[in-house]
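Dear colleague,

I am passing on a structure that you have not worked with before, and I would be glad if you could look through it with the notes that follow.

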Amino acid sequence: MAIDLDKCTGCGACAIACAQENNMPIFEDDSDIPKRVSFLELMKVTNDRDAKYPDVEVCYIPKMCQQCEGNDPKNPKPPCVSVCPVVATDVGDDGIVSQVWSRCIGCRYCQASCPYEARAFNWWKPRYEGDFKNSLNPEVSIASRGTVVKCQFCSHIWKRERDRAVENGVLDINAVTYTPACVASCPTKAFVFGDLNDPDSELCRLLEKEKDRKFRLVHTIDEKDEKTREKLMHIKNFPNPKVYYLTSKAWIREMMRFK
Amino acid sequence: MKKIERKDFLKIGGGAVLGGLTGYVFSGAPFLGMQWLFEWTQDQHVPPGGSESYLKTLCEACPDKCEMSIRMIGERAVKIETSHSGCPFGQNALQLLYHAERIDAPLKRTGKKGTVKASAFERVSWESALKDISVRMNKLIGEKKGHLIAGINKDYNLSAALLDRMLKAAGSSSAFYEPSLKSLTQAALGGYVDYDFANTDYILSFGARLLEGWGSPCAMNRAFVDWKKKGTKLVHVDTIRTRTASIADQWLPIKPGTEAVLALGIANILKRMGRAAGGYDWMAVVNAYTPEKTAEITGLQVKQIEEVANAFARARNPIAVAGRGGKGVSSSSAEIMAVYALNAMVGSRGAVLKRTAGLGEPALSANAAASLREAKRHAGLDDFIKNGNFEILFVNEADPLYKSAYGAELEGKLETALVVAVTPLLNDTALYADYVFPSLSFLEADTSAGSAPLKPYRKAIHAGDAIIGLAKMVDDIKGSFPWNAYVDLVKTYGAPIGAGGVNYNAQVLKEFLSSLEKTLKASEEFPLSLVPVELTFVGDGDGLAFPFVLKSIDEKTYSQGKLWVQINRDTADREGVSEGERIDIESSRGEIGSVRAHLTDTVAPDTIAVPLGFGHKAYTRYARDKGVNPKEIMANDIDPLTGAANWWLTRVKIS
Ligand code: SF4
Ligand code: SF4
Ligand code: SF4
């Protein structure tokens, strides 16, 4: 996935669409951030630490699970997967890092090890009071209290599209494409979603073209040359996320470095 | 044959049990079993399945009429999908449709006014509710006091047009609209401005946060995608570095509240190029605002102002946009005129005045005509709240108690009148209603394209039908309502028509400028400026009833019961305020307490930015008692043309 921050206005449609599609639990007070459960966080960032009025800017960064891969794409080891004692989270053939709510025992190791704070813990049982229950999506199960949940790139929509395709006689299910809820909802088309393994996909062509604007969230080795990168990868496992961001603003890229 | 011994038998039995156990473990059954156990012990809800289908409708919230597709599972609507990516607000529709506190039947007050408890109301039938109200209306009109019936609408739509007509036919001139971009420009210019954002090459926005909920958001978003492709230039004037200001090609960081002065300064430069608009008196005012004087008042540089004026004059099809804010707009009529004059001066084809064709003038009965002669005229809603009076008030989807700077004054008047609130959720104003009429979400309403995709919720009906139903029961009015239901009008209502020319009122401009001068003077008592900001999805308050909106609010706006305001760093230093500190903000009108200070240089020096949309007294358990409502202390000088309080800029101090 690629997200063009220059196009994002911070309207919030992606966050709300994600919550609707993925049966986000409704609690007593969902504005309470430490206790909140959501998959997509709309982060507001500004460069006002280094700049003074009026040389400041603000920008929104929609942040969900970055679908990490680890150092070796053939043997993907995202930080969260390697720590799970019950294999509740794993990487599928499609590269999506899955999470099975009902298998999760709530140890929260994965949440602690995720460098992007992409995971949330259900402290309570969700309350879908009154008719709110009516709008729940049957393709996404309701998480119990005491489990960790996260974005899975709406992979249930892929299954939906696959079933539709199969019904229409399509045999090659690898050819099935789909659009995650956040991507579909964005009024400015800031998201591009596609297959990173297919060099002809719109996504790959975009990333190829936008070399100067693209970056990944706090991923320091991206700036190093190939040799150093390889050396570092022997020492440590890097998250290597599959979500790319595009921006023309140098300060945003600067902010994404560890300093 | 070998005899099976007891030992072997045990072995075989043991093996079978072991094998069975192994099979059981590997089959995944224990996991499933555990899952069922969890679901059962936690009483976990499993959404029922059903056949999938998609229903189509049009979103008629704006002239763009986006096509919407609703994903259905059986009878349940589970997702809104827009076919050509438009509006960010459509996503909330299901949370309204299935809201836990949606009003399911007409309510009649039984308890004290102003109480939050649902027990303050009882459910009644539509017949008895309409009957009771019509009896009161008949009596009032019969006494030639129809002018004491008033109405407040939120948007310009069909139900509002029907309410306007009902009031007129009753002999009342008190049909008002909540201050909004459309109502303010209409009052100031005689028509709303239809901007051609798709074909302009230069946009000069005077505080209009075009990409943060302003105007019709889906049209704006779509235009924005185009601007980037076509190289349309956006110049944004604002005190706060908002997202619109960050996206803009150029940002003019102006001193709060001085946008009108900048417009006059640019007009002054255009005039020297031989362009004019407005009469002699108007241009005389323009003459006074030389670039130097403008720079001094606005805090911008002479060079900046000249550059912008030149670029504006040179552009092929430039537009100057008035209407400060996002969803909640506050601009004085003088400012709206001064900005619109720039369009006239350069002969912009991209800013055309329009009006919405109404339902025509109703015939007046003798009683109605007599009461109309008695009617006092008010320029707009806040003027009416402050100076008007009424015995029956209809509130059509609006929430003036919450949104108006005169909320407290209104509260007193609502106590003694018969108040009918039309709304799907119990908002702050409805707390004072004698009757609450449950109305529909747009998914349940017929559109010009066809019938509604979903059935109305329980006993809720279209606001237009409630008004038609009531009008038909009032003797002096029923003749003006030949329709059976709102659907009779859906196809024809709402066509835009041309509006006349603008009357550039120099007197209003002069009065505004002299009062602005007073406001701007640094006062010992109130050294700081308070200006509003909004989160697009919260807007000026409408979003807060929805849990998924609450989930999206950032930590430096509202979290854990604390509302944050943004203060410039140096200013905070000077005032001795540190990050996260609890402060009180006081204006000449009063105080809002216990907000947290967030120090940031996205805000101009000597300025505090306060989020709108928080501090509801009602509007469901999700919105209630979250933060404070800054309108309580915001400026409330009433504009002579719009009749609205100009609350944008308020002088305050902190403690
Ligand atoms: S972002 Fe976090 S949760 Fe997602 S794959 Fe990476 S480590 Fe795991
Ligand atoms: S991909 Fe799906 S689950 Fe992930 S953030 Fe987007 S909408 Fe939410
Ligand atoms: S929907 Fe698009 S524009 Fe709106 S906040 Fe999300 S990414 Fe940004």
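Ligand 1 is surrounded by 13 residues, counting those with a heavy atom within 4 Å of it, and the closest are A:Cys65, A:Cys68, A:Cys80, A:Cys114 and A:Arg119. Its shell divides into nine nonpolar, two polar and two charged residues, where Ala, Val, Leu, Ile, Met, Phe, Trp, Tyr, Cys and Pro count as nonpolar, Asp, Glu, Lys and Arg as charged, and the others, Gly among them, as polar.

Please keep in mind that this is a predicted model, in which local features need pLDDT of at least 70 and side-chain atom pairs count only at pLDDT 80 or more, while totals for chains, interfaces and linings use all residues. Residues are numbered from 1 along each chain as its sequence is written, chains are lettered from A and ligands numbered from 1 in the order in which they are written, and side-chain values use heavy atoms, with hydrogens and water left out.

Around ligand 3 there are also 13 residues, with A:Cys8, A:Cys11, A:Gly12, A:Cys14 and A:Cys186 the closest; by class, nine are nonpolar, four polar and none charged.

A:Cys14 is also one of the buried residues of helix 1 in chain A, helices being DSSP runs of H or I with at least four residues, numbered from the N terminus, and buried meaning under 20% relative accessible area with a 1.4 Å probe, protein chains only. Because nine of the nine residues of this helix (13-21) are buried, it is largely enclosed by the rest of the structure. Just after it, A:Asn23 takes a positive phi of about 50°.

With best wishes

How values were computed
Buried < 20%, exposed > 50% of the residue type's maximum accessible area, 1.4 Å probe, protein only. Helix = DSSP H or I, 4+ residues; strand = E, 2+ residues; numbered from the N terminus.
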